[in-house]
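Colleague: I am new to this one and like to know what stands behind each word. Could you show it to me and then let me ask?

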Amino acid sequence: MPAWVEAGVQEYRKRLPGDFSLQVRPVPLARRGKNYNVDLCIKKEASSLLSQIGQDDYVVALEISGKSLDTKALANRIDRLRQEGRDLSLLVGGPDGLGKECIQRSNDLWSLSALTLPHGLVRIVVAEQLYRAWSLLQGHPYHRD
């Protein structure tokens, strides 16, 4: 990722307290050549993604067709997961999308936007929205209605 993406994610990461941490676990793309097999690449990426999540994690696939949440709804869902003692894992697909194995493992499908966003921007948007949700739960003035 470009330095501006890392800087953006780091900015929100450092604002979050230790008990509300954000970890980004990049998964390398499957190698694509001139005549690559799309299905095989998606399957390899799905396997890599699924290897990074915990057994008890609440898994959300980020998909354009997923549910659109406002900030309050996101904060409420995160608060519920924290009360249950569960970690939230968000899955972002490669250039050809998420594998069916990822969708099947997911507890939910969320959409960040009806637009297709580049991975770097997705990282920053997710980091900012997690910080915004945390600030809302804390009564911090960062979020305004």
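Modeller: Gladly, and let us start with a definition: on a 1 Å grid over the protein atoms alone, a pocket is an open set of points with protein on both sides within 12 Å along at least five of seven lines, whereas a cavity is a set where a 1.4 Å probe fits but cannot get out; lining residues have an atom within 4 Å of a point. This is a predicted model, in which local features need pLDDT of at least 70 and side-chain atom pairs count only at pLDDT 80 or more, while totals for chains, interfaces and linings use all residues. Residues are numbered from 1 along each chain as its sequence is written, and side-chain values use heavy atoms, with hydrogens and water left out.

Colleague: Which residues lie nearest the centre of the second largest pocket?

Modeller: They are Leu62, Glu63, Ile64, Thr116 and Leu117, out of 18 lining residues. The volume of the second largest pocket is about 350 Å³, counted as the space filled by probe spheres set on grid points that are joined across faces, edges and corners.

Colleague: What makes up its lining by class?

Modeller: The lining of the second largest pocket has 10 nonpolar, 7 polar and 1 charged residues. Here Ala, Val, Leu, Ile, Met, Phe, Trp, Tyr, Cys and Pro count as nonpolar, Asp, Glu, Lys and Arg as charged, and the others, Gly among them, as polar. Strand E1 (58-68), strand E3 (108-111) and H5 each supply at least two of its lining residues, and E1 gives the most, with 3 residues. Helices (H or I, at least four residues) and strands (E, at least two) are DSSP runs, numbered from the N terminus.

Colleague: And what is known about the largest pocket?

Modeller: The largest pocket has a volume of about 1,200 Å³. Its lining has 40 residues, with Gln23, Val24, Leu88, Ser89 and Leu90 nearest the centre. By class, that lining holds 23 nonpolar, 9 polar and 8 charged residues. Helix H2 (38-50), helix H3 (71-84), strand E2 (88-91) and helix H5 (119-138) each bring at least two residues to it; H5 gives the most, with 6 residues.

Colleague: Why are E2 and E3 said to stand at the edges of the sheet?

Modeller: The 3 strands form an open sheet in the order E2-E1-E3, with parallel pairing. E2 and E3 each have a single partner strand, so one side of each is left without a neighbour in the sheet. From one strand to the next, the twist averages 45 degrees; axes are lines fitted to C-alpha atoms (for helices, over the stretch in contact), and angles run from 0 to 180 degrees between N-to-C directions.

Colleague: How do you know that E1 and E2 pair?

Modeller: Two strands pair if DSSP finds at least two bridges between them, and E1 and E2 have 4 bridges, in the parallel sense. Tyrosine 58 has leucine 88 of E2 as its bridge partner, and valine 59 has serine 89 of E2. E1 and E3 also pair in the parallel sense, over 5 bridges, with serine 68 opposite serine 111 in E3.

Colleague: Why is tryptophan 4 called exposed?

Modeller: Exposed means over 50% relative accessible area, buried under 20% and partly exposed in between (1.4 Å probe, protein chains only). Tryptophan 4 has 52%, so it counts as exposed. Its place is in helix H1 (residues 3-15).

Colleague: What makes glutamate 63 and glycine 66 fall into their classes?

Modeller: Both sit in strand E1. Glutamate 63 has a relative accessibility of 23%, so it counts as partly exposed. Glycine 66 has a relative accessible area of 18%, so it is buried.
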